[in-house]
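The following exercises concern one protein structure.

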Amino acid sequence: MATEFGKTTFTGLGLGNEPVPIEPNVSAAYFEREREKIFKRSWLCVGRVEDIPRGGDFVSTHLDVLGARIVVVRGADGQVRAFYDICRHRGNRLTKACKGNTHGFVCGFHGWAYDLAGNLARIPDQDQFHGIDKSDYGLKAIASDVWNGFIFINVDPARTETLEEFMAEVFSILDEIKFETMRPAGSYAARVNVNWKVFMDVTQEAYHVPFLHKNIVPDSNTGKGNPFCRIPSFRLYERHRSSTMYANPDHKPTAAESLAYKYGPTVLEPTTAAGALPSCLNPDRVPSWGFDSYVIFPNLIIHIGNGWYITHQFWPVAVDRIYWEFKLYMSPATTPGEKISQEFSKVLARDLTREDLFLVEQVQSSISTGVLTHMPLSDQEILLRHGYKVVDEWVQRD
Ligand code: FES
Ligand SMILES: [Fe+2]
């Protein structure tokens, strides 16, 4: 819905307006329920198809929240598949590197070999096993599917939803975005001492921007017309949500910004020419638009601007610890000017997120004392309110 700065309240959305409990962000028991009811049942994004463009390309990663290492591989047939990275003999991990290209997976323990489709192809000295059938010992497969080039997995053997059903209202919404033409121009990752939702919260509201980021972006997203960086429009879906970020049309670019604008899109530049955008972006046609932000339940946030997008992934490790991954995607730079421009966006994004990182660790430390039991949320924090409701609905499910 579009909002009018200063006039709209959101009490009619069924989310209430009372303070929200803090317990879900500090309770180890609640976190264990999130692990079982959310992360072991949801579709989870584990990368992009461009990460594994050729047959035999693979990525592997340990996902603490699942307690398992997974490998995602593109087969010789072009198909993307996901497996537990566990040898079916006595359970050794198969991949030695986090990414690479291979003809198959050979276990370093006793040499069992699997093809790219997960079939067990060879058992050394097989005669010494009794009645073993190789077809019974392929790699344990994990459901996988692709949405707009984002690879998702789902480890729930009893899942009832396809990825398309899980994405629901947002499944086709971003079809116009040419994600596949962009590549990482910068990436950051960190282990952060914070609950996964607390960090996602700071990425879903702009109320903090004029305060926490006052030195880095003093007037990019605030100005006379919008001094508190209110969000001009947002959309709440059943479990996902999106919002539109305001950009100040009167923002005075610094010398470095002016140079960056000249050679390419940057994460700061306001876009006023709505007609030049894919119609899915800035759906309410806000006159001065910064970017749109999609929160894909449970742990993926995609900011989409004019000529760039950013992904944040928040991988829980414990109730107060996450592994956070950030990637900024742009069209590959073809000139030194474009490269300089992209470096500007990369460094700016780094500085902003470092302020967020520092802050959320402070917040987690404070709320872990138990001194506070609830947090009052303003209408500008409506996405957070929606997020806590959706999480709790999943946590309370059978
Ligand atoms: S554990 Fe892999 S071959 Fe024995
Ligand atoms: Fe921030």
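Two strands pair if DSSP finds at least two bridges between them. Strands (E, at least two residues) and helices (H or I, at least four residues) are DSSP runs, numbered from the N terminus. The model is predicted: local features need pLDDT of at least 70 and side-chain atom pairs count only at pLDDT 80 or more, while totals for chains, interfaces and linings use all residues. Residues are numbered from 1 along each chain as its sequence is written, chains are lettered from A and ligands numbered from 1 in the order in which they are written, and side-chain values use heavy atoms, with hydrogens and water left out.

**Exercise 1. Determine which strands pair with β16, and state whether β16 is buried or exposed.**

Step 1. Begin with β15 (residues 289-296), which pairs with β16 in the antiparallel sense over five bridges. Within this pairing, Tyr-294 has Ile-302 of β16 as its bridge partner. Three residues lie between β15 and β16, and the two strands form a hairpin.

Step 2. Turn to β17, which is also antiparallel to β16, with six bridges. Here Gly-305 has Trp-308 of β17 as its bridge partner. This pair of strands forms a hairpin as well, with two residues between β16 and β17, and Gly-307 in the turn has a positive phi of about 95°.

Step 3. Apply the definition of burial: buried means under 20% relative accessible area, exposed over 50%, and partly exposed in between, using a 1.4 Å probe and protein chains only. Six of the six residues of β16 (residues 300-305) are buried, so this strand is largely enclosed by the rest of the structure. On one side the buried residues are Leu-300, Ile-302 and Ile-304, and on the other they are Ile-301, His-303 and Gly-305.

**Exercise 2. Carry out the corresponding analysis for β11.**

Step 1. Five of the five residues of β11 (residues 150-154) are buried, so this strand is largely enclosed by the rest of the structure. Both faces are covered, by Phe-150, Phe-152 and Asn-154 on one side and by Ile-151 and Ile-153 on the other.

Step 2. Identify the partners. β2 runs antiparallel to β11 and is joined to it by four bridges, with Cys-45 opposite Phe-152. β10 (residues 141-147) pairs with β11 in the antiparallel sense over five bridges, and Ser-144 has Ile-153 as its bridge partner.

Step 3. Examine the turn. β10 and β11 form a hairpin with two residues between them, and Asn-148 in the turn has a positive phi of about 50°.

**Exercise 3. State where His-240 lies and whether it is buried or exposed.**

Step 1. His-240 is found in the loop between β13 and β14 (241-246).

Step 2. The relative accessible area of His-240 is 0%, so this residue is buried.

Step 3. Glu-169 is 71 residues from His-240 along the chain, and the C-alpha atoms of the two are separated by 8.5 Å.
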